[in-house]
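My entries follow in the order I made them.

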Amino acid sequence: MNSVVLVGRLTKDPELRYIPGTGTAVATFTMAINRDYKKKDGKVETDFIPVQVIGKAAEFCANYITKGRLVAIQGSIRVDRYETQTGENRTFTKVSARNIKPLDYVKKDNSNSDTNPSFEPAEGLDPNGFTAIDDEEIPF
């Protein structure tokens with residue numbers, strides 16, 4: 001089984017490209033993920049993991065996920081192999097994400113009030129963790 005779940009922050013905005021011929025969207029970015037232990041000097045080490053997202057999720061990333069955002073991704077580890085121009089064999093490890101979920105809030109631009117900033121949830125999230133449904137959707 002090849003499955004991975006990561007929670008971390010984006011180090012820069014996702015780069016969106018389209019595959020020639022098919023037009024499929026591909027977004028790439030790097031996540032910074034703190035290790036769960038500290039070194040003897042008290043510092044926490046950070047891993048920088050390259051991530052690739054394909055399809056509608058890639059377009060979502062390019063439109064709504066920005067540098068510094070806290071996200072959770074679910075996907076699999078991919079190892080790409082290639083040969084350099086000098087004939088050396090190289091490998092590149094990345095995460096191929098299938099699902100991505102923002103975990104933090106986006107600060108709402110409210111130029112009228114600096115003393116009481118308001119926040120709105122990231123795409124698909126409710127501030128209280130609940131999803132609003134219509135009364136007609138209740139089965140009883």
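**Core**

I started with the largest nonpolar core, which has 20 residues. Inside it, F29, M31, V51, V53 and I73 have the most contacts. A nonpolar core here is a set of buried Ala, Val, Leu, Ile, Met, Phe, Trp, Tyr and Cys residues joined through side-chain atoms within 4.5 Å. I then looked up which elements supply it. Strand 1 (4-10), strand 3, strand 4 (44-54), helix 1 (56-64), strand 5 (70-83) and strand 6 (89-102) each give at least two residues to this core. Strand 3 gives the largest share, 5 residues.

**Ground rules**

The model is predicted: local features need pLDDT of at least 70, side-chain atom pairs count only at pLDDT 80 or more, and totals for chains, interfaces and linings use all residues. Residues are numbered from 1 along each chain as its sequence is written, and side-chain values use heavy atoms, with hydrogens and water left out.

**Overall layout**

I counted elements next. The protein has 1 helix and 8 strands. Helices (H or I, at least four residues) and strands (E, at least two) are DSSP runs, numbered from the N terminus. From that end, the order reads β-β-β-β-α-β-β-β-β.

Of its 140 residues, 24% are buried. Buried means under 20% relative accessible area, exposed over 50%, partly exposed in between (1.4 Å probe, protein chains only). The accessible surface comes to about 10400 Å² (Shrake-Rupley method, 1.4 Å probe). Carbon and sulfur atoms hold 49% of that surface.

I also looked at contact range. Contact means heavy atoms within 4.5 Å. Among contacts with a separation of 6 or more, 52% link residues 24 or more positions apart.

**Strand pairs**

Two strands pair if DSSP finds at least two bridges between them.

- Strand 2 (residues 15-18) and strand 3 (residues 25-38) run antiparallel, joined by 4 bridges. Y18 has A25 of strand 3 as its bridge partner. Their hairpin has 6 residues between the strands, and G21 takes a positive phi near 90° there.
- Strand 1 and strand 5 are antiparallel, with 6 bridges. L6 stands opposite I73 in strand 5.
- Strand 5 and strand 6 are antiparallel, with 13 bridges. V79 stands opposite T93 in strand 6. This hairpin has 5 residues between the strands, and G87 takes a positive phi near 95°.

**Single residues**

What does M31 touch, beyond residues up to four places away in sequence? I found L6, V7, G8, R9, T11, D47, F48, I49, V51, V71 and I73. M31 is also among the core residues with the most contacts.

Next I took A58, which sits in helix 1. Why does A58 count as buried? Because its relative accessibility is 0%. Neighbours within four places aside, A58 is in contact with L16, A25, V26, A27 and V53.

S96 counts as buried because its relative accessibility is 14%. Residues up to four places away not counted, S96 touches Q52, G75, S76 and R78.
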